[in-house]
Amino acid sequence: MGLTHHCGDFSEGVPTKMRIALIGATGQLGTDLQKILPLDGSEVVPLGHQQIELSSDESVEASLSDVAPDCVINCAAYNLVDKAEEDPVAAYEVNSLGPRRLARWCGTNDVTLVHFSSDYVFGLDATRNEPYSEIDAPGPQSAYAASKLQGEYYVRSLCPKHFVLRTCGLYGLAAIQGAGKGNFVETMIRLGNKLDRLTVVHDQHCTPTSTADLAAATVDLARTEKYGLYHVTNSGATTWHNLAAEIFRREEISVELAPITTAEFGAAAPRPPYSVLSTAKLEAAIGRPIPAWQDALQRYLDARRPLVS
Ligand SMILES: NC(=O)c1ccc[n+]([C@@H]2O[C@H](COP(=O)([O-])OP(=O)(O)OC[C@H]3O[C@@H](n4cnc5c(N)ncnc54)[C@H](OP(=O)(O)O)[C@@H]3O)[C@@H](O)[C@H]2O)c1
């Protein structure tokens, strides 16, 4: 941190064991990162919500000083998109000031910070129909999205050795055990098996992304020293309606699926009509293509079967 700079690079003759503080370790992404870390003789210190509170100066300072990491990976966030509309301060405290606390500590201590943001930083442009790159101007529509964007700015301005990774539509196996707020795939399988008919929005274009693939790309990127802002999703694009159809087809779930509009669904927070992210910069940095969302979905469905049967 990249992951090799402090820990795996023994070229100066002084082997040092890199310490990685993994915040949000029990969430979907944190769980999948734990499966592939440590690398190169590094040591991972998992920090769940019980070990660190991002909304507290004291907790962040005490946890990080105690762990004394060379690298901090922050997977924790306030992800309740609709609830954030009624309580924007709670979202701002965790998603904006939380990363600010981390970035100040990491910047002051010359530590690498890997932080995750969201495709929802885009969406104001209602006519957009081609993937967003990292140089496109953001336009958040909701309190959650604004809080994530502000978090990005704090990390980028306070910590020189940063990776800010925007991602989208996450699903990971940890949700089956109750991590985070669940995920779309699990919700569809549950509802599809329970109901005769289901309506799902068809006018939000995005790229569902498996946390297993996100974790792998994160590690590949963080092993470089190519710090900066990246878009990290599976490749391709779809809608929530088409994703649901694909899940039901592959899982042989018989349910009538009907498309509805975002307006008809009536969620409290606005969602981007189009938030597909270009992964070209990421793929150039890590030197490999990112798997298609269909491939990632099949691997997830195959991996979950033994866990739920
Ligand atoms: N999920 C998505 O669809 C999506 C889409 C785009 C971007 N992202 C971003 O991707 C990252 C990973 O998301 P994820 O889906 O893996 O998250 P997740 O499963 O919801 O896990 C989030 C973790 O953060 C912890 N946490 C929440 N508030 C905290 C606080 N104040 N202090 C410390 N820990 C706290 C939670 O612990 P408790 O549950 O115990 O509170 C949980 O373990 C996040 O930055 C998220 O914003 C997610």
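Let's start with a pair of strands: β1 and β2 (residues 43–47) run parallel to each other, joined by five bridges. Keep in mind as you look around that this is a predicted model. Within that pairing, isoleucine 20 sits opposite valine 44 of β2. Trace the chain through β1, α2 and β2, and you follow a right-handed β-α-β unit.

Strand β1 also pairs with β3 (residues 71–74), again in the parallel sense, through four bridges. Here the bridge partner of isoleucine 20 is cysteine 71. Strand β1 (residues 19–23) has four of its five residues buried, so the rest of the structure largely encloses it.

Now for the nonpolar interior. In soluble globular proteins, nonpolar side chains tend to be buried together. The largest nonpolar core here has 86 residues, and those touching the most other members are Leu22, Ile23, Val72, Ile73 and Leu113. The biggest contribution to this core comes from helix α7 (residues 143–158), with seven residues.

Next, helix α5 (residues 88–95), where Ala91, Tyr92, Val94 and Asn95 are buried. Among the elements covering these buried residues are α4 (83–86), α6 (97–108) and α7.

Finally, the ligand has 26 residues around it, with Gly27, Leu29, Ala76, Ala77 and Gly180 the closest. Helix α2 (28–36) and strand β4 (112–118) are the elements that each supply two or more residues to this shell. Sorted by class, the shell holds twelve nonpolar, twelve polar and two charged residues.

Terms used
Residues are numbered from 1 along each chain as its sequence is written. This is a predicted model: local features need pLDDT of at least 70, side-chain atom pairs count only at pLDDT 80 or more; totals for chains, interfaces and linings use all residues. A nonpolar core is a set of buried Ala, Val, Leu, Ile, Met, Phe, Trp, Tyr and Cys residues joined through C-beta atoms within 7 Å. A residue is buried if 20 or more other C-beta atoms lie within 10 Å of its own, exposed if 12 or fewer, and partly exposed in between; C-beta atoms are placed from the backbone. A residue is near a molecule or strand if its C-beta atom, placed from the backbone, lies within 6 Å of it. Ala, Val, Leu, Ile, Met, Phe, Trp, Tyr, Cys and Pro count as nonpolar, Asp, Glu, Lys and Arg as charged, and the others, Gly among them, as polar. Two residues are in contact if their C-beta atoms, placed from the backbone, lie within 7 Å. Two strands pair if DSSP finds at least two bridges between them. A crossover is right-handed if, with the strands pointing away from the viewer, the path from the first strand over the helix to the second runs clockwise.
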